[in-house]
Amino acid sequence: MFERFTKAARAVVKGAAEHAERGGATAVTQEHLLLALLDGEGTRATEALRALCPPDRRPSLVATLTDARRRAGLSRADEEALADLGIDVGAIVARVEETHGEGALAGDRKDSGRRRRPFSREAKGILEKSLRVALARKDREIGDEHILLALTTTGGVVAEALADHGVTYASVEAAVAGVPAP
């Protein structure tokens, strides 16, 4: 599959691994893929992201991801479902952080120095879904725009954060259609 990735898509995968390494994460996640996309310049996906989520709105997007990480990666839908059962996630997070420090539920345990971080099951799913998106669009290669489109369709924290900032499958598809291929 990776032989079908464009240079831009490979840069996203590499950038995601670098984000994971810098953050001391034990695995590369969907969030790292998004952060790598946000770092990019001059590609179809980065131009679409720039149009849909301008640089001045990106700190809000990153803050949304950080807040979700503090809640152990629970999406708003997860939090609401637990609230329906009488479980206050905010209270649990506060109590855990009171005892163990801020970000204790983030799962960002510092890695023991491993050179390569594995991709999480969810991140692998995004890369596989990017292939399906490319095939559905009858594209010969998998570009970074396919990774972005895949991120919008999976549900969960990253897709929720993107949607909250106006980045949906339909909006990305429309924005990418207006960006010429590099």
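Student: What does L151 touch, leaving out residues up to four places away in sequence?

Tutor: Keep in mind that this is a predicted model. In it, L151 touches Q30, L33, L34, L37, I126, V158, A159 and L162. Contact here means heavy atoms within 4.5 Å.

Student: And which residues touch the most other members of the largest nonpolar core?

Tutor: I147 and L151, in a core of 41 residues. Several helices supply at least two residues each, among them α1, α7 and α10. The largest share is from α2, with six residues. As a rule, nonpolar side chains in soluble globular proteins tend to be buried together.

Student: What makes α8 roughly perpendicular to α9?

Tutor: Their axes cross at roughly 100 degrees, coming within 7 Å. The label covers 65 to 115 degrees, so α8 counts as roughly perpendicular to α9. At the contact, L148, L151 and T152 of α8 meet V158, A159 and L162 of α9. By class that gives five nonpolar residues, one polar and no charged.

Student: Why are α2 and α4 called roughly antiparallel?

Tutor: Check the angle again: they pack at about 165 degrees, with axes 12 Å apart. Anything over 145 gets the label, and therefore α2 and α4 are roughly antiparallel to each other. The crossing is left-handed.

Student: Which residues make that contact between α2 and α4?

Tutor: From α2 you have E31, L34, L35 and L38, and from α4 there are R58, L61, V62, L65 and R69. Sorted by class, six are nonpolar, none polar and three charged.

Student: How do you know that L61 is buried?

Tutor: L61 sits in helix α4, and its relative accessible area is 0%. The cut-off for buried is under 20%, so L61 is buried. Setting aside neighbours within four places in sequence, L61 is in contact with L34, L38, C53, A161, L162 and H165.

Student: Then why is K138 called exposed?

Tutor: Same test: K138 has a relative accessible area of 74%, and exposed starts over 50%, so K138 is exposed. You'll find K138 in the loop between α7 and α8.

Student: What is phi like at K138?

Tutor: Phi of K138 is near 60 degrees, a positive value in a residue other than glycine.

Terms used
Residues are numbered from 1 along each chain as its sequence is written. This is a predicted model: local features need pLDDT of at least 70, side-chain atom pairs count only at pLDDT 80 or more; totals for chains, interfaces and linings use all residues. Side-chain values use heavy atoms; hydrogens and water are left out. Axes are lines fitted to C-alpha atoms, for helices over the stretch in contact, and angles run from 0 to 180 degrees between N-to-C directions. Helices (H or I, at least four residues) and strands (E, at least two) are DSSP runs, numbered from the N terminus. Angles under 35 degrees count as roughly parallel, over 145 as roughly antiparallel, 65 to 115 as roughly perpendicular and the rest as oblique. Ala, Val, Leu, Ile, Met, Phe, Trp, Tyr, Cys and Pro count as nonpolar, Asp, Glu, Lys and Arg as charged, and the others, Gly among them, as polar. A nonpolar core is a set of buried Ala, Val, Leu, Ile, Met, Phe, Trp, Tyr and Cys residues joined through side-chain atoms within 4.5 Å. Buried means under 20% relative accessible area, exposed over 50%, partly exposed in between (1.4 Å probe, protein chains only). A crossing is left-handed if the near helix is turned anticlockwise from the far one by less than a right angle, and right-handed if clockwise.
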